[in-house]
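Please look over the model shown here. A short report on its fold and selected residues goes with it.

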Amino acid sequence: MTVPVPPPFAYGSQITSLGLRSAAVGHNEGVILTGDLTVRASVALPPAPRTEAPAGLHNLPRPPSRRFSGRSTEMGRLEGAMCPGGGPGTHAVTQTVSGLGGVGKSSLALHYAHAHRADYPVIWWITADSPDTITASLATLAKRINSGIDTISVPYADLAAWAQNWLQAHPGWLLVFDNAAHPEDLAPYLTSLTAGDHLITTRRAHGWDDIAPPPLHLDTLKLEAATGLLCDVSGRDAPDDRAPACALAEELGCLPLALEQAGAYVKRTRITFTAYLQRLAAHPAKLLGAPSDGDPRTLTVAHAWRVTLDTLAERDPDALRLLRVLAWLAPDGIPRELLAPLDTGAGAVDNALALLADFSLITLSEDAAGIHRMVQAVTRTPDPDDPHRAPNAIDEARAAAASALRAAFPEERLLDVAGWPGCRVLLPHIEAHLSHARPEQDTEDTRSLMNSVSLFQGFHGQLAQAIALAERAVTTSTQLHGPDDPRTWASRGALACWHGHTGNALTAQADLEQLLDDILRSPSPDSGKPLTVAANYAYWLGMAGDPERAADEHAKLLAVLVEVADPDDDNVLSIRHNHAMFRAMAGHAAEAASAFAELVNDRTRLSGPENVDTLTARGNLAGCLGQAGNPAEAAAALQELAADMTRVLGPDHPHSLTSRHNGARWQYEAGSRAAAVAAMENLLEDYLRVLGPDHPDTLDARVRLAEWRTEGVGAADVAASYEQMAEVRTRRLGADHPSTLSARARAAYHRGHGGDATGAVADFEELLRARLQVLGPDHPDTITTRGNLAWFTGIAGSPRAAADMYTEVLNARRRVLGPDHPETQKTALIVSLWQREAAGETGVIDAFTQLARLIETGQVKVIAKDGDPKPPR
């Protein structure tokens, strides 16, 4: 059974955790890992503007072909477009080359780049068929420029960002975006990188108007040039060969790719052009059926390949089977190690790859293989009349590709930081496989693969991709195993939790409640699954805004578990953890502190003082102590914990940094403000070094430090910092994620605190609409937003409206929290104060100031969710 464990206590009153053995670290949008893993030391890349690239740096994929012919006109047009009014690099130029796949767009770009290597200090070839491959190519550029630095632990996104900074600071380069699939994928780079030239190859002839001049369209070769290319590749150029070569070139549609493959076949098999043409004539175009892209020239290419495939079938059937598998992956950079499980012995895969390369069907290097997209498209298309593309053979190849990907992407790699680069290499191939295979064609390997990739993408903040994969996994599991299979339940549970992680806690709660009902109504429910789902339901019930009920549900679960499990079972301990957490969130901090103290003792006895779960429980205990009115004790405990975390996990581990953050926060609350500011300043330096300037934790530390330094002065600057944080969180998490809404709440609060009460009212009105839609009317954040809106409405000059609005807040808190909750009692006091203000009584603002002092000294307790501002001071 898997039980969600909430993140550790952080700033404010929220203490949360997400899964078995997971860390409770408070507010965090980054990746948190628990378990056995190796954490590499962080790498600091040198400043991009001051770093010089090696002379003549390029990564052109191959030398210029001596057979490049029939393109002099097109080359002249391209050079004219790339060199307006001078040589290359004298202007910032973007030029697109479009045309049919296999027509020679990449060859034209490659020959231009080789011809002008002396004109550009750097030429970089970028595989541009997806955002992932663009990022990977730019990351490789950063690696090449920093070849003396071990960058294996640096995320690809950070390396790519460094490369972009370098390109903008060093003018005169050439970037070749090869096989760009979508103009929107390139738009961010074309608009921001303006210090050099861009050359784009693409099949898309339209859609570039907003970011590039009209494309230079590349058509098939002229017949004379096509005939010459065919003769050159085949090595047959006798006078009596010209006529049959011309006939064959015409039959092949003068497409360079088809000409090169046909010529290679003629040369290798030592047959005549006439014999090849006769074999081709035996397989008319109608046998191929309608092409997937509707382009009649696709059929012409398929004719030529059919003849080649006949020979391959005679030479080595394994080569054909492997070709069909390659058709279900991304076309470029297919790791040869990915294909290892397909080996039937004695180097069969290596031999098959070599044979495919011999016939120009693939490209091959020591590490990877590449296959043309049109070869893939035809090979994937079933045809019962083609023995090489029989439907059952294509089905087997699709299943084999899924199996190989699943074997290369096991869940255990997700906890190994050193394995992440390998996982990223596989993502384009997984994406391609899932895009080519229809959901009804998915296998159990596909389902398992999607679960693993969903976890990986979610861990790395790609929540939309995680949800899309989880949704398809549910569909696949249902069709393979039925709705009442434990695997289907697991996929549904994972999908519900991902909805919760995106901020839709209400959706997660409802989906898990329905899942639990379905499991209990099943004829044979899995013995552990109901408890697992019930635990997840209880967790998201609390995160949706009802911590009291969530604590009650965890208490019920605990009562059931102790009847069937050992009291020291890890699941029992996890339920105890969650129960204490939600009791704290419900306002019972002292009780929760006692529960966490007992949990720390049990974790220490069972796992030792340096176990991650033990350290996590200590962090939650410290947070509860502070929330219960002992900030000095909490600060001391967290400082000791940070030292232990640093010793056990390392100074740059997320747990270590979070413990320091929480310690500084409680130092400040305890009155040691100078020490807290100094601690946060040191932590900010480490955040910048380890996480970078745009990481949410870095931004959170920056704005919190700004608040502490100003202490009411310069609130507009603090509001601007929170607005920046909200923008970053919107990009990373979405506009409706609770963390994004929390940053907006703080920005609005400081805007009003800085003197713009009217602007704060407008901001909180908009924020209230968002939180009502995302969280519902009874969520604590929604109620807090109503309170802030009421406060600034009164400050803006409408005390009667403020009193009425605060009365609604009071009713909501009585309904949700109960009449004796500290937050309810505080709201009742605020209502009376605004009513007196509305009646014309003087001195009410002074009363508010006195209330703020009572809150600050702990005489009146404030329970506020981390990220939202405290009641106005």
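This is a predicted model: local features need pLDDT of at least 70, side-chain atom pairs count only at pLDDT 80 or more; totals for chains, interfaces and linings use all residues.

Residues are numbered from 1 along each chain as its sequence is written, and side-chain values use heavy atoms, with hydrogens and water left out.

**Whole chain**

The protein chain has 35 helices and nine strands. Both are DSSP runs numbered from the N terminus: helices are H or I with at least four residues, strands are E with at least two. Of its 873 residues, 53% count as buried. Buried means under 20% relative accessible area, exposed over 50%, and partly exposed in between, with a 1.4 Å probe and protein chains only. The chain exposes about 35200 Å², and carbon and sulfur atoms supply 51% of that area. Accessible areas come from the Shrake-Rupley method with a 1.4 Å probe; for residues, only the protein chains shown count as cover. Among contacts with a separation of 6 or more, 66% link residues 24 or more positions apart. A contact means heavy atoms within 4.5 Å.

**Strand 4**

Strand 4 covers residues 174–178, and five of the five are buried, so the strand is largely enclosed by the rest of the structure. Both faces are covered: Leu174, Val176 and Asp178 lie on one side, Leu175 and Phe177 on the other.

From strand 4 the chain crosses through helix 5 (residues 183–192) to strand 5, a right-handed β-α-β crossover. Right-handed means that, with the strands pointing away from the viewer, the path from the first strand over the helix to the second runs clockwise.

**Single residues**

Where does Gly253 lie? It sits in the loop between helix 7 (242–251) and helix 8 (256–269). Gly253 is partly exposed, because its relative accessible area is 26%. Its C-alpha is 8.6 Å from that of Leu221, at 32 residues apart in sequence.

How many disulfides does the structure hold? It holds zero. A disulfide is counted here as a pair of cysteine sulfur atoms within 2.5 Å. Cys497 is buried, at 13% relative accessible area. Cys624 also counts as buried, at 0% relative accessibility.
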